[in-house]
Amino acid sequence: MLTIYSDAHHLHHGCELKDGVLMPCFEQPGRADTILARVRATGLGPVAAPGEYDSVRYARVHSPRYVRFLERAWDEWTAIGRSHDALPLIWPVRDLRGDIEPEFIDGKLGFYAMDAGVAITAGTWKAARASANVALTGMDALLAGEGSAFALCRPPGHHAAAEYMGGYCYLNNAAIAAQSCLDGGAGKVALLDVDYHHGNGGQSIFYQRDDVMFLSLHGDPKYSYPYFSGHRDETGAGAGLGFNHNYPLPHGTGWPAYGEALDHACGQIAAYAPDALVVSLGVDTFKDDPISQFRLESEDFLRLGARIAKLDLPTLFVMEGGYMVDDIGINAVNVLTGFQAGG
Ligand code: OKP
Ligand code: ZN
């Protein structure tokens, strides 16, 4: 399987507030390095660099003003003498005015963020662009006839929606790739999110549409991040009604229950009969993940890949989360080798 990867992810390494303490993000450069090392060690296939894309490609799923904000935020932050990570600290919740974009950077950061897990640093925009370009290049490989590809994206993307960042995510790489597939001639695409955390960004972007079916298996938002999205009764709206499927699962979920939910999701995808499948691949469902609560074993990731392979669809895997840095290479690549063996 072809892997797309860019070293530019090293330009992004920020801080987050964890248990009230400011510390380096769990989402750190070593993650992608570990996965790349495993891709090479297992001989998964060739590794190629991404192409360059105009940012109008991101604006197919994000608003142009949000893309401009990301591009300029660091300069606006440093122009007033600041040099540490830019972090949002105020949000337009409920009855506050969420309809007027503030002109000062502190207001803009809150306006365009869902949480404080999205530090903007000197290299964030370059890294986020490269990550989206990795996904676009992977989709271009599919459009050119490749059966599958692995977009080794970092930073991840699945919490980012049309107009906000959140949960370590800036540009929604998987959504940008899914849209690019449609723009390349496909009629229908399925987006399956197997990261531990609900893929609120992809859900939000495609909620009212029937040309992208969105499905997510995740920790129940009653007690798992992102808390405010991912319940079972979120099934789509308007033309998109019935094209959104959430599978919230309890703490401690292991393969039997996970595999059952995955089977159901795959049944929905098969019935939808899309032209291609994009998989938001998070491996934070692993039993030792430091911020998540499922109990998948490394071998279960082989089963996950094999089940997806049974769909027999052109498939782009897009890397999302997974924080047990020692094991995420094994677990992510297990999905891909399981997929290759299972088809
Ligand atoms: C990203 B992905 C504030 C952020 C809280 C949220 C976890 C984001 C997970 N410190 N952390 O879905 O793996
Ligand atoms: Zn996650």
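The legends below describe close-up views of a predicted model.

**View 1. Ligand 1 in its pocket.** The space taken by ligand 1 is the largest pocket. Around the ligand stand 13 residues. Those that come nearest are Leu-17, His-158, His-159, Asp-284 and Tyr-323. Sorted by class, the shell comprises four nonpolar, six polar and three charged residues.

**View 2. Polar contacts of ligand 1.** For His-158, a polar side-chain atom lies 2.5 Å from an oxygen atom of ligand 1. For His-159, a side-chain N or O atom is 2.6 Å from an oxygen atom of the ligand. For Asp-284, the distance between a side-chain N or O atom and a ligand oxygen atom is 2.9 Å. On its own, ligand 1 has 410 Å² of accessible area, and the protein covers 87% of that. His-158, His-159 and Asp-284 also belong to the residues that come nearest to the ligand.

**View 3. Salt bridge between Asp-106 and Arg-82.** The two side chains meet at 2.5 Å, N to O. Side chains of opposite charge can pair when their charged atoms come close. The structure holds 13 salt bridges, this one among them.

**View 4. Cis peptide bond at Pro-155.** Arg-154 and Pro-155 are joined by a cis peptide bond. Its omega is about 0 degrees. Pro-155 is placed in the loop between strand 5 (148-151) and helix 5 (173-183).

View 5. A cis peptide bond joins Tyr-225 to Pro-226, with omega about 5 degrees. Pro-226 lies in the loop between strand 7 (212-219) and strand 8 (244-249). Tyr-227 is also in the loop between strand 7 and strand 8. Tyr-227 is not a glycine, yet its phi is positive, at about 60 degrees.

Notes. Residues are numbered from 1 along each chain as its sequence is written. Chains are lettered from A and ligands numbered from 1 in the order in which they are written. This is a predicted model: local features need pLDDT of at least 70, side-chain atom pairs count only at pLDDT 80 or more; totals for chains, interfaces and linings use all residues. Side-chain values use heavy atoms; hydrogens and water are left out. A residue is near a molecule or strand if one of its heavy atoms lies within 4 Å of it. A polar contact is a pair of N or O atoms within 3.5 Å; within protein, one must be able to donate a hydrogen and the other to accept it, and residues adjacent in sequence count only if both atoms are side-chain atoms. Accessible areas come from the Shrake-Rupley method with a 1.4 Å probe; for residues, only the protein chains shown count as cover. On a 1 Å grid over the protein atoms alone, a cavity is a set of points where a 1.4 Å probe fits but cannot get out, and a pocket is an open set with protein on both sides within 12 Å along at least five of seven lines; lining residues have an atom within 4 Å of a point. A molecule sits in a cavity or pocket if more than half of its atoms lie within 2 Å of its grid points. Ala, Val, Leu, Ile, Met, Phe, Trp, Tyr, Cys and Pro count as nonpolar, Asp, Glu, Lys and Arg as charged, and the others, Gly among them, as polar. A salt bridge is a side-chain nitrogen of Lys or Arg within 4 Å of a carboxyl oxygen of Asp or Glu. Helices (H or I, at least four residues) and strands (E, at least two) are DSSP runs, numbered from the N terminus.
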